[in-house]
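Hi,

Here is the structure I promised to pass on.

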Amino acid sequence: MDNQKIRLDQLLRGKAGSYLKPVVYQSKHDNVCAICGGFKQNQYDRCWSCNQTLREAQRQQCQNQLADQIACGFYAVEDWEQTYKVIRDYKEQLPSAKEHRTIVTSILALHILGHLSCIGVQANTPVTAWAVIPSTKNSKRYGQDHPLHQLVAKLIPFLPEVRLRANKAKTRSLDGEAFSIASPVRASCLHHVLLIDDSWVTGSTAQSASICLKEASASRVSIYCVTRIADESFIKSLGPSLLKDFINGDHYTRGWCPWRRCVER
């Protein structure tokens, strides 16, 4: 790893390394999805959500408009796990929000700023712009500057932004009309757009935004989500020991690259 990655890695490990669990895309029990890292039944190749998204895209004939690569940072298990509390509360007016925003900023700094070249290498072209998924119409933050947008804008001011507008309420279905481009964008910015959200539940929101970007002529779209939300009851349903193995397993992994999906030396 280069010096910047090492420094950012050490900073994040010092702040939250005791509980952060990096998202992985393969396991000894074959219970994680190779697309999003979510938990799945081992007789299937993908999790239910990713499989459903692919089916909807095929039905709508927009498979080529789905994201070219996806990376999620850390698992967040509803509702008790500390990472879930961080990603839930960092955008609220709470006493803990300042510290939680610091942790989210550290994650973004490592996985986006520290690994910016990795994103480009994996997509075969450097990142040329970024976009944050805005609050949808049924959110109390609709029409406001999202806290995640504020953090990312300070982190990578040297890259142009593609502003998105939410046209509809949030659903868990793939919808290419859910978002639109909010302001004119130079064609050169659309070679490779990094699309950022704070959490991946089903992926339909992020993939709907990817469709919007590709319909606006984006050549490549890479999605980064700070957390992959996991459901405790579903993990338990996969096997009596799986949740225990997850809880007691490795926490923070030094040198982990969410884009290359391996440990860098």
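Predicted model: local features only at pLDDT ≥ 70, side-chain atom pairs only at ≥ 80, totals over all residues.

Residues are numbered from 1 along each chain as its sequence is written, and side-chain values use heavy atoms, with hydrogens and water left out.

**The sheet**

Four strands make an open sheet with parallel pairing, in the order β1-β6-β5-β2. Helices (H or I, at least four residues) and strands (E, at least two) are DSSP runs, numbered from the N terminus, and two strands pair if DSSP finds at least two bridges between them. At the edges stand β1 (69-78) and β2, each with a single partner strand, so one side of each has no neighbour in the sheet. From one strand to the next, the twist averages 15°. Between β1 and β6 there are nine bridges, in the parallel sense; Ala76, for instance, has Ile229 in β6 as its bridge partner.

Which residues of helix α6 (residues 147-155) are buried? They are Pro147, Leu148, His149, Leu151, Val152 and Leu155, where buried means under 20% relative accessible area, exposed over 50%, and partly exposed in between (1.4 Å probe, protein chains only). Their cover includes α4 (97-114), β2 (129-132) and β5 (192-200).

Thr227 counts as buried because its relative accessibility is 1%. Leaving out residues up to four places away in sequence, Thr227 touches Gly73, Phe74, Ala76, Thr83, Ile87, Asp198, Ser199 and Trp200 (contact means heavy atoms within 4.5 Å). The Thr227 side chain also reaches the backbone oxygen of Asp198 at 2.9 Å.

**Charged pairs**

Side chains of opposite charge can pair when their charged atoms come close. The structure has 13 salt bridges, each a side-chain nitrogen of Lys or Arg within 4 Å of a carboxyl oxygen of Asp or Glu. Three of them are worth a click.

- Lys5 pairs with Glu264, with the closest N and O atoms 3.0 Å apart. This links distant parts of the chain, 259 residues apart: Lys5 is in helix α1 (residues 3-16) and Glu264 in the segment after β8 (262-263). Lys5 is buried at 7% relative accessibility, and Glu264 is buried at 13%.
- Lys40 pairs with Asp30, the closest N and O atoms being 3.5 Å apart. Both lie in the loop between α1 and α2 (48-60), so the pair ties together parts ten residues apart in sequence. Lys40 is buried, at 3%, whereas Asp30 is partly exposed, at 38%.
- Glu232 pairs with Lys236, with 3.4 Å between the closest N and O atoms. These two are separated by about one helical turn because they sit four residues apart in helix α8 (residues 232-237). Glu232 is partly exposed, at 22%, and Lys236 is partly exposed, at 46%.

Finally, salt bridges with shared partners join Lys5, Arg260 and Glu264 into one network.

Cheers

Methods. Polar contact = N/O pair within 3.5 Å; in protein donor to acceptor, adjacent residues only side chain to side chain. Axes fitted to C-alpha atoms, helices over the stretch in contact; angles between N-to-C directions.
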